[in-house]
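Me: Could you walk me through this structure? I would like to go through it one question at a time.

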Amino acid sequence: MSHSAMALSGSWLEHTLDGRPASHAALARPFVHWFLLHRARRRASSRRHTVSSETRIRHEVRSALALMTWLDEQACRVEDLDQDLIDRRLDERPGRGALIRSFLIWTAARKLTPRLNAPRHVQQEPDDLLPEDERWRLLKRCLTDETLPRDVRAAGGLLLLFGLTTARSRHLTDEDLEERGSDTYLRLGRHPLPLPPQPAVLLHGLAERPMAKTMIPHSRTGPRLPFPGRLSDQPIRRDTLTAKLAHHGIGARPARNAALAGLANEPPAAIIAGFLGMHPNTAVRWSRFVGSDWTDYIKARPEDAGIKE
């Protein structure tokens, strides 16, 4: 890569970062200078720099920044990225896997994220789906088994009911719970989501419990977290909550797939998207998946699951 081309990349980057959050710039600059440009120099040593390589760098930077913006909208950080989040992003922006792959390789090398897969083409059918009867068995356990830790019961219930990932659950606060008479609603998307009584009781109980004492004194003045980490004003780590669920027999990925398949079997895709804060393309894909091949697979809800219709 020529010196002029590298200078162009640098000046273009600063112009692109102008007005963006500092957290985005703090990741984008080392990604460009220590990964993309370093790779470009290696390639330039064996062949001439072309306009296409400069264009490719710009596309990869824009895609990485778009991913960061999307994560902000999901109340997540780059460190929260897991395969479910990547799959959700690629559901919304099909064909972009190749452009974010370099960024994911870099974040994994920096130990910011685990190794993640970003295929060029999104798989049309989920390859890991919890059987529906097993989903309802686990859900009933979360709602009724008082021997389970309360945070496992609440996070597991949200996952098995609504496909809510641990990356999203960990950022919930008491302000996301809305009381309307005797009913509780959870704000995830444009429209408040009505909660069945048991998950509502669990979430309220978690948010209202006394804050654990820590070695580092601090005071909390903001919203209370149902799923706090070691410090009560910080959410639990995504991988910690996922591991806790797995320890009690709830695999996050197959459980989420089964929940979304079950939801897609009933209301229109636009309703699912509005309640769950899901991109309409993702909801439509699940509706097509269920309607085309899995209608007979989705079982009727058992009456004894303790869920108010």
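Me: Happy to start with the strands. How many bridges join strand β1 to strand β2, and in which sense do they run?

Reply: This is a predicted model, so let's take its strands as the prediction places them. Strand β1 covers residues 177-180 and strand β2 covers residues 183-186. The two run antiparallel, and the number of bridges joining them is 4.

Me: Which residue in the turn of the β1 and β2 hairpin has a positive phi?

Reply: The hairpin formed by β1 and β2 leaves 2 residues between the strands. In that turn, a positive phi of about 65° belongs to G181.

Me: How many residues lie between β2 and strand β3 in their hairpin?

Reply: Strand β3 spans residues 193-195 and pairs with β2 in the antiparallel sense over 3 bridges. Between β2 and β3 the hairpin holds 6 residues.

Me: Which strands stand at the edges of the sheet?

Reply: The open sheet has 3 strands in the order β1-β2-β3, with antiparallel pairing. Two of these strands each have a single partner, so one side of each is left without a neighbour in the sheet. From one strand to the next, the twist averages 40°. The edge strands are β1 and β3.

Me: Now the helices. Are α2 and α5 roughly parallel or roughly perpendicular to each other?

Reply: Helix α2 covers residues 22-44 and helix α5 covers residues 97-109. Their axes come within 11 Å and cross at roughly 105°. Angles of 65 to 115 degrees count as roughly perpendicular. The relation of α2 to α5 is therefore roughly perpendicular.

Me: How many nonpolar residues does the contact of α2 with α5 have?

Reply: On the α2 side, the residues are L27, P30, F31, F35, L36 and R39, and they meet S102, F103, I105 and W106 in α5. By class, this contact has 1 polar and 1 charged residue, and the number of nonpolar residues is 8.

Me: Is L13 buried or exposed?

Reply: L13 is found in helix α1, residues 3-17. Leaving aside neighbours within four places in sequence, L13 is in contact with A28, R29, V32, H33 and V61. The relative accessible area of L13 is 0%, and buried means under 20%. L13 is therefore buried.

Me: What separates the C-alpha atoms of L13 and V32?

Reply: Along the chain, L13 and V32 are 19 residues apart. In the model, V32 is also one of the residues in contact with L13. The separation of their C-alpha atoms is 8.3 Å.

Me: What is the relative accessible area of R238?

Reply: R238 has its place in helix α10, residues 238-247. Setting aside neighbours within four places in sequence, R238 is in contact with D80, L81, D82, P114, T166, A167 and R170. R238 is buried, and its relative accessible area is 12%.

Me: Stepping back, what share of the residues of the protein count as buried?

Reply: The protein has 13 helices and 3 strands. Among contacts with a separation of 6 or more, 64% are between residues 24 or more positions apart. Of the 309 residues, the share that count as buried is 48%.

Me: In which helix is confidence lowest?

Reply: The protein averages a pLDDT of 79, and 76% of the residues score at least 70. Confidence is highest in helix α7, residues 150-162, at 94. Over residues 292-309 the pLDDT is below 50. Where pLDDT is low, the predicted coordinates should not be read in detail. The helix with the lowest confidence, at a mean of 64, is α13.

Methods. Residues are numbered from 1 along each chain as its sequence is written. This is a predicted model: local features need pLDDT of at least 70, side-chain atom pairs count only at pLDDT 80 or more; totals for chains, interfaces and linings use all residues. Side-chain values use heavy atoms; hydrogens and water are left out. Two strands pair if DSSP finds at least two bridges between them. pLDDT is the predictor's confidence in each residue, from 0 to 100. Contact means heavy atoms within 4.5 Å. Axes are lines fitted to C-alpha atoms, for helices over the stretch in contact, and angles run from 0 to 180 degrees between N-to-C directions. Angles under 35 degrees count as roughly parallel, over 145 as roughly antiparallel, 65 to 115 as roughly perpendicular and the rest as oblique. Ala, Val, Leu, Ile, Met, Phe, Trp, Tyr, Cys and Pro count as nonpolar, Asp, Glu, Lys and Arg as charged, and the others, Gly among them, as polar. Buried means under 20% relative accessible area, exposed over 50%, partly exposed in between (1.4 Å probe, protein chains only).
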